[in-house]
Amino acid sequence: MQAIIFNKVIYTIGGRNILNHVTQQVKVGERIGLIGSNGSGKTTLARLLTGNLQPDDGKLIVTGRVSYVPQLNQIDHEKSDGEQMMMRINEALVRQPDILILDEPTSNLDMQHQNWLIRRLNHFYGTLIIISHDTYLLNKTSQSIWAISDTKLISYSGNYDDYLYQKNMRFSTQTHKYNNAVTQRKHLKRAIDEVQRREKQVTKRPKNISPSDARLISGKGKALKSQKKLAQNVKSMTKRLSNLEQIDKPLVDKSLKLQAIVEQNSKPKTMLKVLNEQVTRNGRLLIKNVNFNLETGQRLAILGPNGTGKTTLIKQILVNNHDSYGYFTQNLATLIGSKTIIENVLPYSSQTSQVARDFLGAFGLKRDKVFQPVDTLSGGEKVKVLLLQVLLTDTRLLVLDEPTNFLDLSAIDALANFLLQYEGAVLFVSHYRDFVTRVATKKMMIKDETLIQV
Ligand SMILES: Nc1ncnc2c1ncn2[C@@H]1O[C@H](COP(=O)(O)OP(=O)(O)OP(=O)(O)O)[C@@H](O)[C@H]1O
Ligand SMILES: [Mg+2]
């Protein structure tokens, strides 16, 4: 039995096609991982399933009760983001829905909570759709992957690793087919040119022979006959050429590059000095005796489970810091919703608008997109704008609290590349292991209310 049937579903926003002719089915109890870059339409698809949005065309049938846990990006000051997400997932599971849709559930969860979620989902017997950029989660939970790209939805069987394998296979088969078609086309075109050249020559009189002699030598009938034959050849080859299958050139995912913009002098400088700091929240001691220095060229990752005080620690350090710094936190309140992307970024930038646009472009916010009001952006697109406000600030200290949440994989890559080239100091918090491994020069962890080097 089918839980969900998409039949040629079309959805458009502001004249732009988001989903185009989506046709897919989901069996009851199936587990799907929904992936795609920021702004590709994942949340839109979820909102179509909840009935919150209606297709512009085509048919969508959903059978059963749907529970949707939306993408979280507002800050509730009482609970950490991870704690809020856990609460919402629990509430949704308690309702025992037939179809459960989770939109980026692990963005703020530490390892322990991620594993809790995976175990919990493996005991959920309804139909499951998980929207995520978290490849670990997708590998542990999905039976098939739906990839949205360029308004199309393609389904792959298996988990994320299987998807990657199939995608690579599909890419090499397509490249092979494309290259073959190009060679075949080239050969046919050359053959047609050659026959056409010979066709002209048959009727052409050699220069040193008079017209009457030429007629005597060749005989008009014979020339006409072979000319006709050659013309027939050209016709059949042209037909073959036009019948050749049109094969699209496979798209190559472009890797993004970002140049560090801050000019630094080469002498290292201590940007942060923390000495015997006690971190407290509402009078409760969270971390005792925090001690560390941070110099330019260093990138320090602060690790630790949800609720141990990472964000509080950072905020407290910054209050006591008098130098300038760039501070990123997932607080969308600092964005001006009615203004465009570029209007939100430029006031923070000491760079030319071209540099700002290059940066936005490196994060996938390209061309006319930069003139879109921030209110209408997807979750990940908003996070990119916030992040770029900080990266474009002229400073030698960047403090980033969970910068990779909600970002697609190529944006995370762009951010990592930027930080690796950045000559200032970076203090950051992240649950994303691969990102920490790639970026950090130094790691410290909060354990038993103490910050220790690991
Ligand atoms: N009013 C609007 N005008 C123009 N574009 C819009 C409008 N509303 C939404 N969009 C665009 O629709 C696209 C799809 O948004 P959606 O939230 O579905 O993306 P997503 O795949 O969930 O992205 P993310 O990974 O960032 O959460 C985005 O590019 C967004 O900018
Ligand atoms: Mg989304």
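Me: Between which domains does ligand 1 lie, and why?
Reply: This is a predicted model, in which local features need pLDDT of at least 70 and side-chain atom pairs count only at pLDDT 80 or more, while totals for chains, interfaces and linings use all residues. Residues are numbered from 1 along each chain as its sequence is written, and chains are lettered from A and ligands numbered from 1 in the order in which they are written. The domain bounds come from an automatic or database domain assignment. Because both of them give residues to the shell around ligand 1, the ligand lies between domain 1 (2–158) and domain 3 (270–453).

Me: Which residues come nearest to ligand 1?
Reply: A residue counts as near a molecule if its C-beta atom, placed from the backbone, lies within 6 Å of it. By class, the shell has four nonpolar, 14 polar and three charged residues, where Ala, Val, Leu, Ile, Met, Phe, Trp, Tyr, Cys and Pro count as nonpolar, Asp, Glu, Lys and Arg as charged, and the others, Gly among them, as polar. Of the 21 residues around ligand 1, those that come nearest are Gly14, Gly39, Thr43, Ser378 and Gly380.

Me: Which elements each supply at least two residues of the shell around ligand 1?
Reply: Helices (H or I, at least four residues) and strands (E, at least two) are DSSP runs, numbered from the N terminus. On that basis, the elements that each supply at least two residues of this shell are β2 (16–27), α1 (42–50) and α11 (379–391).

Me: Within what arc do the buried residues of α3 fall?
Reply: A residue is buried if 20 or more other C-beta atoms lie within 10 Å of its own, exposed if 12 or fewer, and partly exposed in between, with C-beta atoms placed from the backbone. In α3, His113, Leu117 and Leu121 are buried, whereas Gln112, Arg119 and Asn122 on the other side are exposed. The arc is that of the directions from the helix axis to the C-beta atoms, and the buried residues line one face of the helix because, seen down the axis of α3, they fall within an arc of 75 degrees.

Me: Is valine 345 buried or exposed?
Reply: Valine 345 lies in helix α9 (residues 341–345). Leaving aside neighbours within four places in sequence, valine 345 is in contact with Ala356, Leu360, Val385, Leu388, Gln389 and Leu392. Because valine 345 has 28 C-beta neighbours inside 10 Å, this residue counts as buried.

Me: What is the phi of histidine 21?
Reply: Histidine 21 lies in strand β2, and with 15 C-beta neighbours inside 10 Å it counts as partly exposed. Most residues other than glycine have a negative phi. Although histidine 21 is not a glycine, its phi is positive, at about 55 degrees.

Conventions. Two residues are in contact if their C-beta atoms, placed from the backbone, lie within 7 Å.
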